[in-house]
Amino acid sequence: MRGDGWGEGSPNRAFIMFRLLQGKVLFFTSLSLDYFHLKHSACAKQSLLLEYTVKILKLCGLTQVRWSRYGPEYQDPQIDKEYYRKPLAQLTEEETYERELRKTQVIKAAPATKTSSVFEDPVISKFTNMMMKGGNKILARSLMTQTLEAVKRKQFEKYHAASAEEQATVERNPYTIFHQALKNCEPVIGLVPILKGGHFYQVPVPLAERRRRFLAMKWMITECREKKPRRMLMPEKLSQELLEAFCNRGPVIKRKHDMHKMAEANRALAHYRWW
Amino acid sequence: MAAPSVSCGAAVPYRLFLAGRVSFAREQGLWKAAASGLQTGTRCQILRLKHSPAVTTTKNVAALRRESYTVDFIKKQIEEFNIGKRHLANMMGEDPETFTQEDVDRAITYLFPSGLFEKRARPIMKHPEEIFPKQRAVQWGEDGRPFHFLFYTGKQSYYSLMHEAYGKVLHAEERQDQLRAKGLFSEKSKSKDLIGSRWLIKEELEEMLVEKLSDQDYAQFIRLLERLSALPCDAAEEEFVGRFRRTVTVQSKKHLIEPLQYDEQGMAFSTGQGKRKTANAEAVVYGHGSGKIEINGVDYLLYFPVTQDREQLMFPFHFLDRLGKHDVTCTVSGGGRSSQAGAIRLAMSRALCSFITEDEVEWMRQAGLLTTDPRVREPRRERIYPKRKGGAPRQIFWGLGARWEVERTKIPPQGQQSCRAEAEPGCGRWADNQDEELGSPATHRPGRDHRCYPGADDSSVDTRLQIRARGGGLTCLGCTGRLTSSGNRHLLWAARSLDAETWHVSIGGTVHFHPRQGAGPSLTVTASHLRTQQAS
């Protein structure tokens with residue numbers, strides 16, 4: 001209907017992503033909602049577009065995975081303040097070209113979780129989202145802040161209890177501890193089940209950067225949720241695990257090492273990989 | 001009729017050739033017979049214009065029966081259009097010489113007001129070139145031989161264009177070699193306006209050539225043009241390449257920045273409006289202040305206890321390094337806490353545009369602060385599988401799928417009571433919730449037979465507006481016959497479109513929509529009308 005975001009500047013197109021059923025290839029296509037004007041009003045376009053898309057794509061063997069209210073021409077916003085404050089004289093040719101290009105592009109709206117604040121950390125935001133259950137961001141974020149506070153407290157206790165020489169080695173910034181701990185938990189190589197001759201074999205495969213970060217965070221969260229004593233709260237357990245991972249010990253690090261060992265053991269199957 | 005112009009003489013466009021042939025035939029006296037309309041004579045049939053065989057993937061019967069338009073017919077239509085435009089200008093009391101297409105559109109909407117939802121079904125008066133689809137003239141002569149030498153490729157315009165472009169590439173490379181041989185060639189890069197323009201998209205090229213192209217054809221053509229533009233070109237080649245480029249608008253120019261306003265104390269202020277999902281916000285940003293933000297009369301710290309929302313409010317100011325320099329007063333309604341915060345952020349950013357430079361406005365736009373977020377809640381879909389296997393699941397859409405239609409039926413008037421906002425379970429409000437508390441006493445209690453009839457004061461008007469939900473497969477009552485709280489959303493949309501302020505549901509499953517005070521008639525929806533056909 002009129003008031004629901006079809007205002008000026010809103011894209012009148014749906015942008016749909018597909019993937020093949022077997023593989024992980026993503027295709028992008030855009031279908032204009034104008035084609036569906038004949039029978040249905042503006043508010044039905046959205047849902048009908050999906051209907052039509054599903055029918056068309058079933059023929060191609062593609063399943064519709066995600067779609068977006070933004071058309072493909074919409075670019076992601078650049079929120080970093082320093083990017084804009086840089087004086088023009090210091091820009092390279094590519095940067096000037098990019099700047100000029102962005103002036104002609106339409107930009108998406110900044111999401112509600114992103115700000116230009118100095119306190120914002122993308123890794124912390126991602127971890128918070130992964131900890132979130134049922135959309136309860138308030139709880140997830142409070143748990144995160146409590147975790148960081150707990151880490152800081154523990155480190156300060158250790159600092160004050162240590163001698164003068166050791167005090168220099170104690171890291172008290174919870175953010176550095178968090179980043180370092182997750183980096184220590186990232187596996188280098190992973191295993192992928194590949195179907196060959198009717199059997200699934202676990203084949204060692206190099207992992208992409210984002211997959212590694214995801215696995216580190218996922219392992220950390222699952223470890224804390226499952227192996228927690230009953231009355232212990234999440235921030236306490238999580239701070240404990242983070243500090244252990246920071247020192248390269250603990251169950252999450254062990255899981256990473258197990259993964260590496262299995263990959264090493266299945267080294268012979270490496271040639272099953274075709275990409 | 002944008003036919004590729006004759007530049008090297010390599011390809012002769014079929015249209016000009018045909019025109020030549022037509023005039024030649026006219027002199028021979030053969031054209032007269034065909035020009036008078038559809039002829040049945042065998043010789044004249046060849047001269048009759050036919051549309052090109054379109055490759056259709058779906059059977060569009062209407063398209064297959066497309067009429068063919070002769071050149072004279074189109075010319076006549078153009079003359080009639082021009083004369084009609086002048087008449088229209090006289091009717092509207094404007095100068096016929098300076099009557100533009102926008103004036104024509106405005107005049108038509110004034111003279112023929114239409115309430116049709118479908119914009120393309122409304123009356124229009126446009127140049128015949130835009131109305132009658134471009135068709136290809138007949139491409140072979142009386143003897144059946146085609147005019148164009150590339151006719152048998154199937155895509156003669158495309159291949160002739162490629163041929164022409166490749167000829168230019170060879171020419172430019174030859175010139176480059178000659179310059180190199182003479183030692184006059186310099187490797188300086190050309191400063192082209194690469195950003196201010198873009199290549200034609202495939203649809204535009206198809207329209208230009210009046211031919212269907214494949215993606216590979218289009219990509220090939222663009223690659224050839226890029227190769228040509230990379231070489232040193234002379235004026236003719238630049239002009240050739242320029243024909244296939246379109247200017248790209250600079251996005252920031254689309255924003256209208258309001259000038260600053262001043263209140264009685266001389267304080268500069270600016271207003272802005274913002275929207276996010278169903279939340280609407282209006283913000284007034286004052287030029288000087290201490291960073292105080294007041295929302296609906298309440299301090300922002302109390303209104304938004306969650307940190308994330310307050311960070312969103314802070315975002316535009318922090319981005320522009322103006323934290324603590326402006327005071328803001330805003331009103332917001334609708335939506336939840338996050339969407340209200342987003343709406344206020346957008347309103348504040350828009351209001352701030354009046355205080356800052358154009359560059360900073362562009363930075364804000366690139367940071368995503370000035371775009372309305374189009375994301376809305378997705379309609380819920382249910383799939384009902386048929387009892388026997390092998391059928392597609394029937395889909396039922398809730399909420400956004402419905403299209404509401406209003407019908408008038410004549411019913412003898414019964415007792416009428418004035419309607420006011422009701423406070424009952426199942427009562428929906430989306431106006432400012434802080435004005436009236438829910439639970440205030442009503443002037444009358446809705447009963448089973450309670451109906452609100454419009455204009456019942458005036459006994460001459462005795463119609464009852466009934467609402468039907470059509471299309472989209474909306475089922476709001478489901479199987480239980482009662483409106484559930486999750487089904488209220490479509491009522492929200494319906495009531496919005498009917499400009500009603502509140503609705504309430506009575507026991508019999510009837511929904512009554514109440515208008516704003518003195519706005520218009522109130523409306524009734526009965527249960528049977530709400531149950532609709534389901535989408536197949």
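1. A nonpolar surface patch in chain B is formed by B:Met91, B:Tyr110, B:Leu111 and B:Phe112, which together present about 470 Å² of accessible area. The coordinates belong to a predicted model, and the points below should be read accordingly.

2. The relative accessible area of B:Tyr110 is 60%. Because exposed residues are those over 50%, B:Tyr110 counts as exposed.

3. Between the chains, helix H3 of chain A (residues 93-103) packs with helix H15 of chain B (residues 358-366). Their axes are 11 Å apart and meet at an angle of about 80 degrees. H3(A) is therefore roughly perpendicular to H15(B), since that term applies to angles of 65 to 115 degrees. On the side of H3(A), the contact is made by A:Arg99, A:Arg102 and A:Lys103; H15(B) contributes B:Glu362, B:Arg365 and B:Gln366.

4. As regards the secondary structure of chain B, the model contains 17 helices and 15 strands. The chain has 536 residues, of which 39% are buried.

5. On the contacts within chain B, those between residues at least 6 apart in sequence may be considered. Of these contacts, 64% join residues at least 24 apart.

6. The patch described at the outset, with B:Met91 and B:Phe112 among its members, is a nonpolar feature of the surface.

Conventions. Residues are numbered from 1 along each chain as its sequence is written. Chains are lettered from A and ligands numbered from 1 in the order in which they are written. This is a predicted model: local features need pLDDT of at least 70, side-chain atom pairs count only at pLDDT 80 or more; totals for chains, interfaces and linings use all residues. Side-chain values use heavy atoms; hydrogens and water are left out. Helices (H or I, at least four residues) and strands (E, at least two) are DSSP runs, numbered from the N terminus. Buried means under 20% relative accessible area, exposed over 50%, partly exposed in between (1.4 Å probe, protein chains only). Contact means heavy atoms within 4.5 Å. Patches are made of residues with over 30% relative accessible area and no salt bridge: like charges are joined within 9 Å, nonpolar side chains (Val, Leu, Ile, Met, Phe, Trp, Tyr) within 5 Å. Accessible areas come from the Shrake-Rupley method with a 1.4 Å probe; for residues, only the protein chains shown count as cover. A salt bridge is a side-chain nitrogen of Lys or Arg within 4 Å of a carboxyl oxygen of Asp or Glu. Axes are lines fitted to C-alpha atoms, for helices over the stretch in contact, and angles run from 0 to 180 degrees between N-to-C directions. Angles under 35 degrees count as roughly parallel, over 145 as roughly antiparallel, 65 to 115 as roughly perpendicular and the rest as oblique.
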